[in-house]
Every structure is written in C-alpha cells, then in structure tokens.
Amino acid sequence: MEKEILEHGLNFNRRRFLSRLSLGLGSAALGSLLVPDLFRGSGADEEGFTPSIPHFAPKAKRVIYLFQNGAPSQQELFDYKPRLRELMGQEIPPSVRGAQRLTGMTANQKEFPLVGSFVDFKQYGQSRAWVSDLLPYTAKIVDDLCIVKSMYTEAINHDPALTFLQTGSQQGNRPSMGSWLSYGLGNENKNLPNFTVLLSRGIGNGQGVYSKLWSNGFLDSIHQGVQFSKGEDPVLYLRDPEGMNRQERRAMLDNLAQLNDLSYQEFGDPEITAKVKQYEMAYRMQTAVPDVMDLSKESDDIIKLYGPDCLVPGTFAANCLLARKLSENGVRFVQLYHQGWDQHGNLPFEIAKQAKDVDQASAALVTDLKQRGLLDETLVIWGGEFGRTSYTQGKLTKDNYGRDHHPRCFTIWMAGGGIKPGMVYGETDEMGYNIATNPVHVHDFQATVLHQLGLNHEKLIFKHMGRRYRLTDVSGKVINDIIA
Amino acid sequence: MRNKVIGLAERGLFASAVFILFLLLFESRLEIPVWLQPVGRMHPLLLHFPLVILLLAVGMEAFRFNKVYATNDFYQVFSSNLLLAGALSAAITVIMGLLLATEPGYTGSVVQWHKWAGVSVFLVACFIYWFRTKPWYNRAIAQTGAACMGLILIGAGHYGSVITHGADFITEPIIKTQRAAPVDFQQAMVFNDVIKPIFEQKCTTCHNPDKLKGELNLTNAEAIRQGGKSGKLFVPGKPDVSLLLRRIHLSTTEKKHMPPSGRAQLTTAEIRLLSLWVKGSAAFDKRVADLPVTDSLRFMAAAMFKPAEAAKPEFTFDAADDETVKKLNTDYRTVAALARESPALAVNLYNKAAYSPNQLRELSPVKTQVVSLNLTKLPVKDADLSLVGQFENIQKLDLNFTDITGKGLKELVPLKHLESLTLSGTKVAYTDVRDQFRAFKNLKTVTLWETPLTDTEISQLKKANPKITFIAGFDGDKSAPIKLNPPQVRNSSVIFSQQLPLKIIHPIRGVELRYTTDGSVPDSIHSAILTSQKMVDQSTSVNVKAYKPGWFSSDVATFTFYKSAYKPDSVRLLLPLNPVHQAAGAHTFFDRKLGTFNANSPAWANNWAGFRKNDMVLVSLFDKPVSLSSVALRVMIEEETSIFPPGTIEIWGGENEGNLRKLTTLTPDMPVKKSPHELKALVTSFSPQSVSCLKIIARPLKEIPAWHPNKGKQALLLVDEVFIN
C-alpha cells in the first residue's frame, strides 16, 4: 500500500499539485488573500475567452503562409530602386546606414558599395505595381495582391528572425502562429490536423528549418504543427503496420481508450484525454490524409496552372497544390517553407532560379483559390524573415554580387482573406535601406493576420508560469489601411 | 509652555488674516519676486492638510455640545487646537494660492471661484475659532458653521481640481464612449471634426480659458487664431515655421516640447493631421468633403469617419440552443458559431463516404441559424438541394465538385440572403442555369470554373446578370504551352545483377516517353517509345524525353543503370579509409546505393568512401570461382573541391590471396581546369578469367596538376560502388 501511495504521489506533477492545492485554499476562502490566479495553471478561461471561437466575425477562415526561408532580396523582386543602379559602386552614405548592427559576415567589410538590381522591373495591372522580370506569373496577379514594402524586424540572423516572425519572440519555446490560430479558432475539419507544415528546397544557399518553428510551445499539444513529408508516408507512423486491418485497429483503439480512461479516473491528468483524442484523430486521418494527398485526380488545367512540377512530391509547386487541398479541406493554417533564398554571394544566378521555383506556383495558388470562391476566406501570405542590404556583400563585379541580411525593410505580399487587393503599402527610401512611410513591425503584421481571422491579438492570450502570453508579445497594432 | 505656543499660533493666525486681506486688496498691483514663486507653487502640495484637518475639526465642533463631550476636557482642548491648526494651515495655503494666482495663465472664472472658495474656508475657520467661546455661540451655530465649512471645502476642492485636471476628468471615460457617434463624412468639418478633437484630447487641459498656460487658449477658433504669449500659433501654409508644430516637434527632453513630457503625447497621425491642416492654410470653415480627392488630409480624415466596422450584417434571428449545436457536431460535420455571441452558424461537411442527405436533414433544428454551408467534393445530388432550401438565412453556399447538374438550382431561389454560390467542377449545363440566376436577388458571386459552360455562355450569363460576378477561372487550353518536367526513375536501385525492368515514369497523365541508349537525344518521331516492358541486361545509359500534345517536350533526362553480376562473399580493405569519409567501410562498394553531389544530403556521407593518404586496396573473396572480364569503380570527379579520379587502378586476380596476378592496369583521364563535375564509372576490361580472389588497388592522385589552386597536394578519391562482371 505504501508503494501505491508513493507512486500516486510521483504521478502528480508539480503544477497539477499546485493547481489542486489552490482549489483547496480557494474553498477555504484563503485564496482571495493571495495574489489572484497565483496558482492557476492554464489560461483556458482567461477573461472569459473561450478558445476555438473567434472574438468577432472573421474575414478569413484559413491561412496559407508561403514562407520564403532565407530572406529573398526585395531589391530584385518587388522594391524597385532605379537610383541604386545610378549609384552603383558608390559607398552607402553613413547617414543612410545609421547605426545598423551588422552580421558577422559583413561586420569586418571595409567598403559598402551600393548595388542596383541586375534585373529590370515593369509596372503591372490596374494597381501599376512594380514587379521584377524574375516573377512573370506573380506580375499577372498583382491586382489580387497587397504588397507591403515596409516590413521590418528586430533580428539580423535567420533563426532568430524566423522564430520572431513565427512565434513573436526571437528566443523560441513559444507557440507558433499556426498553433495560436488552432488554439483560437478550433478545428474546421476534425479529420485533419489544424496546423500542417510542408517543406521544400530550392537550389540557392539554404538555411535550416527546425521543428521548433511549428511547436505548440506551452499550448496544448493538439495545436502542434504536423509535418507532411514527401515520401510514401506523408505523415509518419500513420499507416497501419503490415498485417493489421482497419477492424483490428479499431478494436485496439477502443481497448486502449478504456485503459486510458481508467488511468484518467485515477490521476485526472488532462493530457491523457488529449492523447485519446489524438489517437482517434490519427485513426480518421488514416483515410482523410491519403484522400488529400492524392494528386492523381488533378486536372490538366491544374497542372498547367501550377506548373508540371506540382506532381513531383517535395517541390514548392507540389506543396502549393497540397496547401490548397489541405486548406480546402478545412486545415486552418498551412505553413510552407521554401529554403534557398540566402544570397550572400552569387545573387544574380541563384535568385533567378529561386524565383523560377516559386513564381508560377505562388501565383497559381491565388488564382486557384479564386476560381473556387475560396480566396475571400483564405489569407495567403508570401515572404521571408527579413530583407537584404542595398550594398553588396563581398566583391562587387560587373555581373555578380551578394547581399547581406537587412532587418530595416523587406517586402511581403498578402492576398485574399479580407486584405485590400491591388494595393502597395509602405515605401522605402530611394536607396531601399530605410522605411520612408508606413512601417509595419512584425508584431503589427501578426496582429493584422489575427484580426483577419476574427481574433483580437490583445485578447488571444494564454497564461503560463504566471504571465499572460500573446503572439504579439507586448506590442503590435492592426494595420487598418490594408484591410478591405 | 503650552499656552505660549497656542498664543503664538493665535497671533500668527491674526497676522495672516491681515496679510491675506492685504493680498486680496492689492492683488492686481503685486509683483511676485522669482524666489518667492516656488512657495506659491507649493500650493497644490499643501492644500490637502487644511482640507483634512478642518473637516475633522468642524466634525468635532458639530458634536461639541453633546452632553458626553461637553464635560470631556480632552475633547474640548483637542478640538480647539485642531481647529487652530486647520485655520493656520488654511492661511498658509491661501497665501500660497494667491501668490500662485499672480503667475500668468491663471485667469478665468474657475480660478476666481476657487480663490473665493478658498478664502471663505479660511475666513469661516477663523470665525469659528475666534467666536466659539462666546456665550451666544450655541449648538445651532456650531452645526451650521460645520455644515458651511464642509460645503465650501468641497466647492474649493472641486474648482481646484478642475484647474489642474480639466472639467471632464472624472466623467471623461464615460463621455468618450458616448462620443463615438460618428460624424457623417459629408458633413464633417476640417476644423471642428478633425483638428479640434485633437486639441481637446491632448491640449485643452492646460490651454483653456481658465488655465491659459502660456496665455494660450485652444478651445475655440478665435482664440487659436490669436495665439499665445510666444506669438501666433502658425503661419498659414507653412507648417515648418509654425510655432505650433515647432513646439510639437521639439525633442521630449526639451522644456518647451508640447505636450509636456508626462502628459499624453500626440500620435504621428495627429501630428501629420495638424501639419497638413496648417499647410492647407489652416482653414476653420472648410468641409472635409470639399477638399480635393487626392488631398492627404482628406485621405486620412476619410478613415476617421468611416464607420468603425463596415456594417456587418446584423443577424436578427435568435441563437440556437448550445446543446443542440453540440449534438450536431460529429466527426464529419462541424457546426460552429461565426463568432462569440453571434447567433449565426457555419456548417462544413467532410468525407465522401460519410455523406448522406440525412446529414442535411438533421440540421433542421438550426435551419434559421445556418449562414454558410460547405459541401465541397461531396456526392450531393440535385434532389438534396431542396434540403439546402430550408436554410433561409444562408449567405454562402459551397457546391464545388459536387454531383449537381443545375436542374436543382431553383430550390435555392427562396434563399433571399444568398450572396456567394460556388459551382466549380460541377456538371451544370447552360440550358439549365441560363434563366435561373435572374431569380436570385442578392447573389453577388458565382464560380463556374471547370464546368461544361463555354466562354460565350459565361459572357452571356454576365450580360444577362450584370449584378453577379461570374468567375470562369484558369483554362489551360488557352494559356501558352509550357514545358513538361523531365521523367523520373522509380527503380529502387539502378544497379542490377542480371537484368532489370526499367521503371521510368512521368507524373503527368498521357505523357509519351521516348528514349535512346546510344547517347543521342531522343526525338518524337524516330526514337522508340518507352514501355513498362523495357528491360536492360547490360550497363546502359538511357536518354529519355517526355512528350504530350499541348506541351513543350521536356529536357532530356539521362539515367544510368549499372550491371554488377557478382557480389563477393566477403570483402575487406587492407588500408584504412580517410577518417572523414568512412561511409559503410568495405561494404559501401557493394551496397547498391549511389552517392550524390549534394554534400548536405545524407546520401553523400553514407555512400561515398574516401581515400587520400592511403591507397584503396580492396580484397574480395568468392566462395566459388567466378569468371570475370570487367571491374568498374564509380567515382566522383569535382576539380573545384580537389576530388580527382585515381592516378592508377590495378586489378589483381587468382585462386587465393597468396596467389594473385595482375589482370590489368588503368590510368584514368584527368579533368582539366573548369571541367564540370561528374559521376563516372571507370571501367577496366580484361580477357575472361576465373578467380576466387580479386584485389583492386586504386591510388589517389599523388599531385594535383599545376593549373589547380591546390597544386602539388594529394587529391581526394571518392568511390561509392564497385561493379564486377
């Protein structure tokens, strides 16, 4: 008996113990004398917030985030700076450069000669937005896009910047944007994970993408991002082992659920019920996932729209097509990462290939959502973690140069989901180094995305270890000017 | 001693009464020296003492004649002394207040009211103190005096706080929410509705007729035109030189920065509005709507007058019962409120196999609340649409890729609120839908992509229904042809022992693959068509190209298949591998896995065995003698990273290790400067020999050629596979 008591004690973790204890104290009216909520573990009912229902009527129901990992150079894609070509080779004025912190890669560089884009730009659509010749397909859909040229961030290296954009903090361990949305909005389709992740890689210099970027942080683990990989098993460990059929799997799950239920009654740990739910979902995913992943029924129109690579698993085009299929099936947040945008050197060659990899499929995704009547309720975001410098990294030659990391300005675009179409928001200065008008901080961007999904970024909070956490941390304001 | 102190205090009280009267009389002629001004400014600090002390004292005074207290010596003495202390502190406070009032900026009726209330407090306190011992001073007078004192104190306090905090300080939060009633854009005035509110929020607490800091009043147009002590506020049309904006733009550390640090600061948008207003010559009587459309001020103001939320459709129906909604939620049907406290519900159905019309029938308890319904990709029939017809408030209906034909659309006509209908991927026929859309009153968008409808039919629909946007979507047949992507190989290994069926496929349906094996580029006429029956029984390089009508042909894809007839029964390396290129040791060469160029891929580290200092000396033993005529090494050649083919390859064979003879020697060709990297099988051939033991010696290049940056150094040799035939 003594042993059982000891084991029972060990099964209580500290936080559960404290939260139970606080209930006891509360009933003894002592709780009111303590700091309110001192021991309350989760913020589930934080200020009347009911997770999984939006705060107000949303414009968008789902998000597809085409993350261009490595930081695409805005000077070669969207931010047209003819002046940079005129100033080619001249040192960037110190007044422009200011006290900007540099990366270890250019900190010791003696000269910072400005470099103009090797590629030409033209104006397109009714919005007359400038788009580079590297993005011919994107150029055709500018009237559906809201191009934000004045994004800025705080970090100067990939991992912190990426983590900042995804979780609102540079340090990690916080829930990713998709997890927050899953927490705030709940499932639309209970047979697929709410937050899925798709990876692809271009030919350019790549940067790591780690699973911490789609972590649920301190939120319940059902909000974690699920990676769909390109192989025969898109979701790992989902397939039944050989020799096991559907009925046997069902029977096994039923029995397991009974055992888990016993265990729940004994310990009362909510993670046990979460686990049971996850088993059930996995069971339903066994039929839902192959159905979504099946590209064989896509029409020729679709293949021509996304480009022939969309049927080659693991390419960006295939991931865009899959993203559309997942989103159409009610997945709240589909996160794509396309690696290879880190052009410190050899930029003209690499960026052309990178752009070619993503251009057709990115534009196709927007067109495809539109022709299905889904663009209104799906927010598509395209962009990297920061921008690139107006001066060259390394040696500037006649036809080759590189650009270093630049947090002070970068360009992203958004489409659908109640964002104003055919708009260019924010401008940088003539050297493309500082923001001239309408700066948009990463937290402002996040606040705006949440707003489109019917969530107030100041109210979407979770209390953890005594602090109320938000995706936007302690700042951020909704950019009303870009909301339709 | 005690009496001495009290006496002193009483004389001080009298003296201060005289002094106060003097100040009141000669107020307008006073000139307060600078060193005395701080004393005046301590008025707001000290005033709390008389306030509290006097309230307490007159409270005790009111009950002085009670039987119990009248005989209590301590009560009597204490209340008397408290009153004296209160009166004295009131005197000091009043003096300070009068000094402060001489400073510029304290004019206006509120200051006057405050002044006289304060003085009255002092006078009433003196009156009570001096006459409380007189025989005619009775209970009624004491209580009236106490009540008077209380009222005057409240009055003085109130007016004082109006001066420091402004009139609406306490009620402001309430008023603010009430103020929300938006001004109509057409009526809005530039000054009254855009500029004045800024002043009211951030400036008029100090710059009002009562406080007049810097002799500036910002509460009305006339006073604003007039300016303050430092002059006119602005030069119309020139925000850069205007005092108003100069003060605002000063650094917050500057004393003259406005609003003063510690007070609510102007936002960038507010500063911009003020600046634009001055630039536009600071007019007071212009309507916002009269400004040119391109005017920045108008642009910014337009956002202010836009109703806070674009009029959301107000749902007039009641919310459904929570329990009912909960029950309707199943694994394949989600029923969820649009937002918190919204009665409207969104319904999504999933899973073809789980669908039946019953799923729609079951929704009848919430039929009024459903505003959006998603049936995409479900086998919904025309007949089922009559069930959809029950959702009287539906706004968005998704029927993409369902089995409907358009005949059932009339069932949807009663849905008065339907705005968006998606029909992409359905079999709707023109004859069925032609006359249907007219009946829909509120319909705004219809998607018709991938339907049998032709362009002409869609444009006729557009003509007949100008209010509806018909989305036709992307038609691949009309777009410029694009290039097919190259074919792919699906064989699990390209290394085989006898023969191998080629599994070369193309992901796109209906693609024709044509191939050659002689190294030439396949063409669409003469080259053979690749079928799944195609086998290879020799090491072969296959060139394949993909063709499909309406597409450009793909690039040539080259796949090399290697024959390796014999696998040794045991292998070992006599000399160790390069420490950083271990791969799977001696087994690497017969594991049928090939390496790649990409050094970041696992296939690189796992499959390339490397040699630099030591020669590759591989001994392979066969249990039964085999007849060999060729041995090949697959190597990587990449001069850029100093990876070269071996200088020489020697093949030795015999019955056992002690009895070997050299079968052949090969000196591979070396790459030249800038030659592209390649993966290559270096083949040695010899007359057929029966061997049980085979020894392969490959020597890494001793000296890198002179043209190379690493000239003279030893090159790296990378081998991933050995083929024995």
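This is a predicted model: local features need pLDDT of at least 70, side-chain atom pairs count only at pLDDT 80 or more; totals for chains, interfaces and linings use all residues.
**Exercise 1. A sheet in chain B**

*Solution.* Residues are numbered from 1 along each chain as its sequence is written, while chains are lettered from A and ligands numbered from 1 in the order in which they are written.

Next, the strands. Strand 15 (residues 540–547) and strand 16 (residues 557–563) of chain B pair in the antiparallel sense over 5 bridges. Strands here are DSSP E runs of at least two residues, helices are H or I runs of at least four, and both are numbered from the N terminus; two strands pair if DSSP finds at least two bridges between them.

**Exercise 2. Helix 8 of chain B and its neighbours**

Describe how helix 4 and helix 7 of chain B cross helix 8 of chain B.

*Solution.* Two packed helices are described by the angle between their axes and the distance between the axes. Axes are lines fitted to C-alpha atoms, for helices over the stretch in contact, and angles run from 0 to 180 degrees between N-to-C directions.

Step one: the axes of helix 4 (residues 48–62) and helix 8 (residues 139–165) of chain B come within 8 Å and cross at roughly 160°. These two helices of chain B are therefore roughly antiparallel (an angle over 145 degrees). Their contact divides into 9 nonpolar, 5 polar and 1 charged residues. In this count Ala, Val, Leu, Ile, Met, Phe, Trp, Tyr, Cys and Pro are nonpolar, Asp, Glu, Lys and Arg charged, and the others, Gly among them, polar.

Step two: helix 7 (residues 109–131) of chain B also comes within 8 Å of helix 8 of chain B, axis to axis, crossing at roughly 150°. That makes helix 7 of chain B roughly antiparallel to helix 8 of chain B. The contact of helix 7 with helix 8 of chain B has 16 nonpolar, 6 polar and no charged residues.

**Exercise 3. Where the chains meet**

Work out what chain B brings to its contact with chain A, and look at strand 1 of chain B.

*Solution.* First, the totals: 33 residues come from chain B and 34 residues from chain A, where contact means C-beta atoms, placed from the backbone, within 7 Å. Strand 1 (333–337), strand 5 (420–422) and strand 6 (445–447) of chain B each supply at least two residues of the side that touches chain A. The largest share, 3 residues, comes from strand 1 of chain B. By type, that side of chain B holds 12 nonpolar, 15 polar and 6 charged residues.

Now strand 1 of chain B itself: 4 of its 5 residues are buried, so it is largely enclosed by the rest of the structure. Buried means that 20 or more other C-beta atoms, placed from the backbone, lie within 10 Å of the residue's own. Strand 1 of chain B runs antiparallel to strand 2 (residues 345–349) of chain B, with 5 bridges joining them. Across this pair, B:Arg333 stands opposite B:Leu349.

How values were computed. Two residues are in contact if their C-beta atoms, placed from the backbone, lie within 7 Å. Angles under 35 degrees count as roughly parallel, over 145 as roughly antiparallel, 65 to 115 as roughly perpendicular and the rest as oblique. A residue is buried if 20 or more other C-beta atoms lie within 10 Å of its own, exposed if 12 or fewer, and partly exposed in between; C-beta atoms are placed from the backbone.
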